[in-house]
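Take a walk through this model, one stop at a time. Keep the sequence and the 3D view side by side as you read.

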Amino acid sequence: MIALTDVSQTFLGRTGAVEALRGMDLQVDNGEFVAVVGRSGCGKSTLLRLIAGLLTPTSGRILVDGTPVVGPRRDIAMMFQRPALLPWRSVLHNVMLPVEIFGWRRSEHRQTALRLLEMVGLTGFQKRLPHELSGGMQQRVALCRALIQRPRLLLMDEPFSALDALTREELSVELQRIHMELRTTMVFVTHSIDEAVLLADRVVVMSQRPGQVRKVVEVDIPRPRSLGYNAHLEEVARTSAHLHELLMEPITA
Ligand SMILES: Nc1ncnc2c1ncn2[C@@H]1O[C@H](COP(=O)(O)OP(=O)(O)OP(=O)(O)O)[C@@H](O)[C@H]1O
Ligand SMILES: [Mg+2]
């Protein structure tokens, strides 16, 4: 599904060059949920922007579904830390935005939009404006907006990090359900070990800048998973501890 080969990214700024990624290799399978964790500044957002075609790598090759990524694509959707909804448009019209951008028939997609809103528990809110919703509800709308384009790949850059802990957990559980239902390939950047363990089939732990794959941790816990009492508490704790150690290891030059 995704194949990165020897991808490097160096930014040339006013104060000199910043090497964000160096020789990154990564494979993601169809339908897989991959979480990406790593210290601040290690290049996680850069990695997602490269896969999304929002940036061109300095060197290396990125294939999604067998074809090189040369710019934004309809089969790849992206979600950011902030929902970035258009404040003057209703919930429904925000979800419908990609339909308009891609010039698809509105009448055909209206039902899909309403069904997506239902799936995330927002039935009855379609006429509201973004400012009338809580942060968690706004992020749900952003998720629907990403899903309406039926992406084969959904890239998420810390999508829940601006939310309070409980809303965050609630949305992670919902995302897990959506992933189980739709089987969309997902790459999810997070600072939360809990989220990674709840959601991911594999967790990619990145090294300090310049970012590289430091370790890939398989999460072999049956789904649906939960952070509360469940039959796999021990595996959840062990995986969390392992990730914690990898992330907290002292920085060596
Ligand atoms: N457009 C840019 N121009 C110059 N430098 C950049 C640019 N974008 C990112 N960088 C630099 O590249 C490095 C990696 O940035 P990136 O945003 O990918 O990190 P991150 O892992 O997402 O961090 P965080 O966890 O804080 O979000 C940083 O040193 C950053 O300053
Ligand atoms: Mg980032």
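Begin at the loop between β9 (202-206) and β10 (213-218), where Pro 210 lies. The model is predicted. Arg 209 and Pro 210 are joined by a cis peptide bond, with omega about -5 degrees. Most peptide bonds are trans.

Now follow the chain onward from β10. Pro 224 sits in the loop between β10 and α8 (233-248). Here too the bond deserves a look. The peptide bond from Arg 223 to Pro 224 is cis, and omega is near -5 degrees.

A polar atom of the Arg 209 side chain lies 3.1 Å from an oxygen atom of ligand 1. Two further contacts can be traced from the ligand. In the side chain of Ser 40, an N or O atom is 2.5 Å from an oxygen atom of ligand 1. At Cys 42 the backbone takes part: one of its polar atoms is 3.2 Å from an oxygen atom of ligand 1.

How much of ligand 1 does the protein bury? Taken alone, ligand 1 exposes 630 Å², and the protein buries 65% of that.

Look next at the shell residue by residue. There are 15 residues around ligand 1, and those that come nearest are Ser 40, Gly 41, Lys 44, Ser 45 and Thr 46. Sorted by class, the shell has six polar, five charged and four nonpolar residues.

Four strands form an open sheet in the order β2-β1-β4-β5, and the pairing is antiparallel. Its edge strands are β2 and β5 (67-68), each of which pairs on one side only. Zoom in on the β5 end. There β4 (residues 59-64) pairs with β5 in the antiparallel sense over two bridges. Leu 63 stands opposite Pro 68 in β5.

The next stop is the largest pocket. It holds about 490 Å³ of space. Its lining counts 21 residues, and the closest to the centre are Ile 76, Ala 77, Met 78, Phe 80 and Gln 149. Which elements supply at least two residues each to this lining? They are β6 (76-79), α3 (97-101) and α5 (135-147). By class, 16 residues of the lining are nonpolar, two are polar and three are charged.

Ala 84 has its place in the loop between β6 and α2 (91-95). Check its backbone angle. Phi of Ala 84 is near 50 degrees, a positive value in a residue other than glycine. Most residues other than glycine have a negative phi.

Key:
Residues are numbered from 1 along each chain as its sequence is written. Chains are lettered from A and ligands numbered from 1 in the order in which they are written. This is a predicted model: local features need pLDDT of at least 70, side-chain atom pairs count only at pLDDT 80 or more; totals for chains, interfaces and linings use all residues. Side-chain values use heavy atoms; hydrogens and water are left out. On a 1 Å grid over the protein atoms alone, a cavity is a set of points where a 1.4 Å probe fits but cannot get out, and a pocket is an open set with protein on both sides within 12 Å along at least five of seven lines; lining residues have an atom within 4 Å of a point. Grid points are joined across faces, edges and corners, and a volume is the space filled by probe spheres set on the points. Ala, Val, Leu, Ile, Met, Phe, Trp, Tyr, Cys and Pro count as nonpolar, Asp, Glu, Lys and Arg as charged, and the others, Gly among them, as polar. A residue is near a molecule or strand if one of its heavy atoms lies within 4 Å of it. A polar contact is a pair of N or O atoms within 3.5 Å; within protein, one must be able to donate a hydrogen and the other to accept it, and residues adjacent in sequence count only if both atoms are side-chain atoms. Accessible areas come from the Shrake-Rupley method with a 1.4 Å probe; for residues, only the protein chains shown count as cover. Two strands pair if DSSP finds at least two bridges between them.
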